[in-house]
Amino acid sequence: MGAGKSTVGKQLSTVLGIPFKDCDEFVEHKYNMTIPQIFERHGEEYFRTIEYEALVELSKNAPTIVATGGGIVTNPQSYDFLNKHKCVYLKSDVNTLYERVKDDTNRPLADCKENFEQRYNMRVPLYEALATQTVQCEHFNEYEVTNKILTEMGLI
């Protein structure tokens with residue numbers, strides 16, 4: 001959460017001319033509910049199931065840049081699916097990420113710093129294992145991060 005997946009994904013999409021799709025936006029539109037509403041009414045397990053379905057749907061037409069939710073790696077189906085694709089991990093420290101999301105009411109799992117940090121520590125090894133590319137981000141703007149990704153992929 002708060003790493004810049006949507007922002008950087010849109011930048012990459014513009015530069016590369018590849019469609020960008022946001023998994024959370026797709027789910028909210030399809031189910032006509034916000035992510036917090038889905039969590040409240042149906043729970044996290046249900047959300048992770050429909051998030052996986054959205055990931056598969058959005059990835060049908062390759063190449064596509066898909067911004068996933070930060071917790072997608074906690075669902076084994078989603079993790080296995082992503083493991084078969086190129087994944088960029090936008091790495092930032094926990095304090096930077098929490099500062100970015102702490103006041104965002106659309107983040108149902110960012111309720112307090114202690115819980116946020118616990119989720120962060122649990123997810124980081126999954127992100128690192130899954131990533132085909134890791135980019136340190138906390139001190140760079142979206143354009144610099146985009147250029148780092150493109151450079152490291154040998155695209156510029």
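In the predicted model, Cys 23, Asp 24, Phe 26, Val 27 and Tyr 31 of helix H2 are in contact with Tyr 46, Phe 47, Ile 50, Glu 51, Glu 53, Ala 54, Leu 55, Glu 57 and Leu 58 of helix H4. The residues that form this contact comprise ten nonpolar and four charged ones, with no polar residue among them. Helix H2 spans residues 23-31 and helix H4 residues 44-58; their axes come within 9 Å and cross at roughly 110 degrees. Because angles of 65 to 115 degrees count as roughly perpendicular, H2 and H4 are assigned to that class.

Although Asn 32 is not a glycine, its phi is positive, at about 50 degrees. By contrast, most residues other than glycine have a negative phi. The relative accessibility of Asn 32 is 69%, and the residue therefore counts as exposed, the threshold for this class being over 50%.

Beyond H4, Thr 64 occupies the loop between that helix and strand S2 (65-67). When residues up to four places away in sequence are not counted, Thr 64 touches Ile 18, Pro 19, Lys 21 and Leu 58. Leu 58 is also one of the H4 residues that meet H2. Thr 64 and Gly 17 are 47 residues apart along the chain, and their C-alpha atoms are separated by 9.7 Å.

How values were computed: Residues numbered from 1 in each chain as written. Predicted model: local features only at pLDDT ≥ 70, side-chain atom pairs only at ≥ 80, totals over all residues. Heavy atoms only, no water. Axes fitted to C-alpha atoms, helices over the stretch in contact; angles between N-to-C directions. Helix = DSSP H or I, 4+ residues; strand = E, 2+ residues; numbered from the N terminus. Parallel < 35°, antiparallel > 145°, perpendicular 65-115°, else oblique. Contact = heavy atoms within 4.5 Å. Nonpolar A, V, L, I, M, F, W, Y, C, P; charged D, E, K, R; others polar. Buried < 20%, exposed > 50% of the residue type's maximum accessible area, 1.4 Å probe, protein only.
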